[in-house]
Amino acid sequence: MSPSHFYEFLGFRLDPDQRLLFRNGEVVPLAPKALDTLLLLVENHGRILEKDVLLKHVWPDTFVEEGSLTRNISVLRKVLEEGLAGVACIENIPKRGYRFVAEVRSVPADHKSRSTTSEQPGGAGQSTASVDTRKPRLSPAWRIPVLIAAILIAVIATPLVLNVHGWRDAIFGTSAGNIQSIAVLPLENLSNDPEQAYFADGMTDALITDLAKISSLRVVSRTSVMQYKGARKSIPQVARELGVDAVVEGTVTRAGNQVRITAQLIAARNDRHLWAEMYQRDLGDALIMQGQVAQAIADSVRLELTADERSRLSSLHRVDPEAYELYLRGRYYWNRRDAEGLTQAIEYFRSATRRDPNFALAYAGLADCYNVISDSVSIPATEALGQAKIASLKALELDANSAEAHASLAWVRFQLDWNWADAEHEFRRAISLNPGYATAHHWFAIFLSAMGRGAEAIAEAKRAQELDPLSLIIRLDVGSVYFWTGHVDLSLQQELKVLDMDPTFVRGYFYVAIAYAHMRRLDDALSYFHKGAALAGGGTQPFQELEAWFYAASGRRREAFNILAKLESPAREPAESYYIAEAYAALGKRDEAFKWLERAYRERTFWMVYLNVDPRLDSLRSDPRFHDLVSRVGLAPATP
């Protein structure tokens with residue numbers, strides 16, 4: 001039969017029908033098994049082919065040692081690289097298999113190419129291969145029976161073809177259609193430069209973000225998957241720990257402004273490869289490339305993307321390469337979540353916006369930084385939240401579909417503006433744009449708990465934890481949601497698990513201490529409080545304000561009053577008003593409690609949003625001044 005198409009690469013042409021390799025119009029002699037190996041590699045160019053897959057396809061009915069495959073690869077490398085100045089075509093993946101890395105084109109059979117023709121003087125190029133490609137002819141007597149047989153075969157075979165995935169799944173035990181959850185493991189940095197670690201991490205972040213936009217897929221968040229960076233665990237084990245059906249793993253190679261990503265999708269249950277591909281683009285096209293990878297993965301597991309989801313993945317555009325690199329460095333430091341890291345992240349994000357004033361992602365990064373740093377005493381919360389507001393609004397002006405910017409603006413509306421309706425609208429918009437964005441679910445859960453909507457808050461908190469199961473802060477705030485909704489015992493369970501995961505996590509000790517105090521286990525409360533204060537450096541604000549409440553709640557009034565007297569000294573830095581109000585409430589000093597609550601209101605302390613649900617203020621709720629304060633904050637009266 002006439003060939004339907006050829007494969008061309010580096011001056012060679014491969015005829016898949018005739019099983020022939022040509023170079024400059026001449027047939028290259030290859031043993032049949034070597035040519036079968038080449039064809040399989042070329043047809044899957046850019047993808048890693050496992051050794052067992054190559055052995056089964058090239059020697060389907062014979063058991064052979066791995067050495068036979070190794071010899072074939074050696075022969076092919078010698079043939080392909082001879083005369084090509086040593087250009088490598090076949091890449092060895094240690095302990096895994098091989099990958100054909102040269103660029104391959106599929107060319108129609110009637111297309112003429114220099115790789116297969118020789119120019120003749122005075123005429124068009126002619127193929128020098130002596131291969132008879134004429135179609136065999138049937139005698140008239142046989143044509144009708146053959147036509148009837150062909151129709152019968154087509155009718156019988158159609159259901160089998162339509163169910164090809166089902167047969168594959170039944171044979172190999174892998175059902176791509178059943179994959180509903182994925183973890184993207186940290187992409188491996190193959191750039192031979194440890195300084196490029198931030199780049200590989202950034203590429204991992206971007207792929208997670210794009211996949212998380214698909215509503216029918218649960219994608220584990222960055223915080224959890226990054227704990228497997230450099231780990232030598234099997235895919236099934238990782239999948240069990242993260243609770244996913246499949247895992248994406250791959251590599252990143254960067255040379256100047258050129259970026260190559262290889263990615264493969266592996267079914268967790270049986271460690272079987274479902275899809276693999278290689279992409280190479282300019283750094284400025286990195287976002288476009290990530291969207292293509294996400295779409296390919298979705299298609300490989302037969303996910304039904306909505307029109308909006310497919311549009312968002314395909315509408316990513318080119319960015320300034322230098323601005324994008326600054327952005328990736330900013331995200332690298334943002335993910336450290338400490339004061340020094342956040343400070344450096346802000347500088348990188350600002351540099352990115354100076355390089356490209358229309359770069360929405362950089363403004364969204366700035367908003368994230370200021371929202372997180374607002375929970376620190378290093379900068380006034382109102383100032384930090386104000387900066388977050390400016391950055392998030394700018395990001396949305398440039399890209400109205402930025403889920404991160406909508407979530408950041410929602411947090412500002414909640415914590416700074418006390419605009420509950422707008423806050424909820426922005427949270428829901430962020431989640432609709434990126435259903436897998438764990439931070440949006442996390443912050444929305446906190447908002448709902450402050451609003452007294454307990455069942456909804458718990459559902460959102462659990463969703464955030466499903467998306468980021470190893471995140472300490474999310475697990476801790478699942479505990480805080482339980483606390484605000486009146487489930488102190490469940491709150492304590494979550495917070496103790498956090499300390500089991502990381503005994504150095506300071507905030508966990510304070511949350512555990514508060515829970516113990518409400519359970520009247522005051523010795524345990526003070527024990528955990530002092531451990532946390534010691535880890536934090538002890539004696540710094542707002543720990544002393546909280547310590548005053550612990551002593552007041554335990555009935556140790558003298559110690560509580562002594563601490564409060566020091567905190568109210570004019571020579572000291574301004575104290576945390578809300579905590580002091582709680583301590584006075586526990587001491588039964590209502591006038592003093594309301595004096596400090598009024599100050600907290602003037603300062604717009606973000607703790608004020610919890611007025612309706614904070615059990616530490618229960619003793620004040622019958623006072624008309626409390627109802628007036630709740631009204632001025634804009635909260636509806638609490639339901640008993």
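Contact here means heavy atoms within 4.5 Å.

## Overall content

This is a predicted model, in which local features need pLDDT of at least 70, side-chain atom pairs count only at pLDDT 80 or more, and totals for chains, interfaces and linings use all residues. Residues are numbered from 1 along each chain as its sequence is written, and side-chain values use heavy atoms, with hydrogens and water left out.

Among contacts in the protein between residues at least 6 apart in sequence, 60% join residues at least 24 apart. The secondary structure comprises 27 helices and 16 strands; helices (H or I, at least four residues) and strands (E, at least two) are DSSP runs, numbered from the N terminus. Of the 640 residues in the protein, 52% are buried. Buried means under 20% relative accessible area, exposed over 50%, and partly exposed in between (1.4 Å probe, protein chains only).

## The three-stranded sheet

An open sheet is formed by three strands in the order β5-β7-β6, with antiparallel pairing. β5 (49-50) and β6 (90-93) stand at the edges with a single partner strand each, so one side of each has no neighbour in the sheet. Two strands pair if DSSP finds at least two bridges between them. Four bridges join β6 to β7 (residues 97-100), and I93 stands opposite G97 in β7.

Two helices are placed against these strands. Helix α1 (residues 32-43) lies across β5, β6 and β7 and runs at about 65 degrees to β7. Helix α3 (residues 66-81) packs on the sheet, touching β6 and β7, and its direction makes about 145 degrees with that of β6. Axes are lines fitted to C-alpha atoms, for helices over the stretch in contact, and angles run from 0 to 180 degrees between N-to-C directions.

## Helices α11 and α12

The axes of α11 (residues 321-334) and α12 (residues 339-355) come within 8 Å and cross at roughly 165 degrees. The two helices are therefore roughly antiparallel to each other (under 35 degrees counts as roughly parallel, over 145 as roughly antiparallel, 65 to 115 as roughly perpendicular and the rest as oblique).

Residues making the contact include L326, Y327 and W334 of α11 and Y348, F349 and R355 of α12.

## Surroundings of R222

R222 is in helix α7 (residues 222-225) and is buried, with a relative accessible area of 17%. Not counting residues up to four places away in sequence, R222 touches D201, D205, I208 and N335. R222 and A183 are 39 residues apart in sequence and 9.0 Å apart in space, C-alpha to C-alpha.
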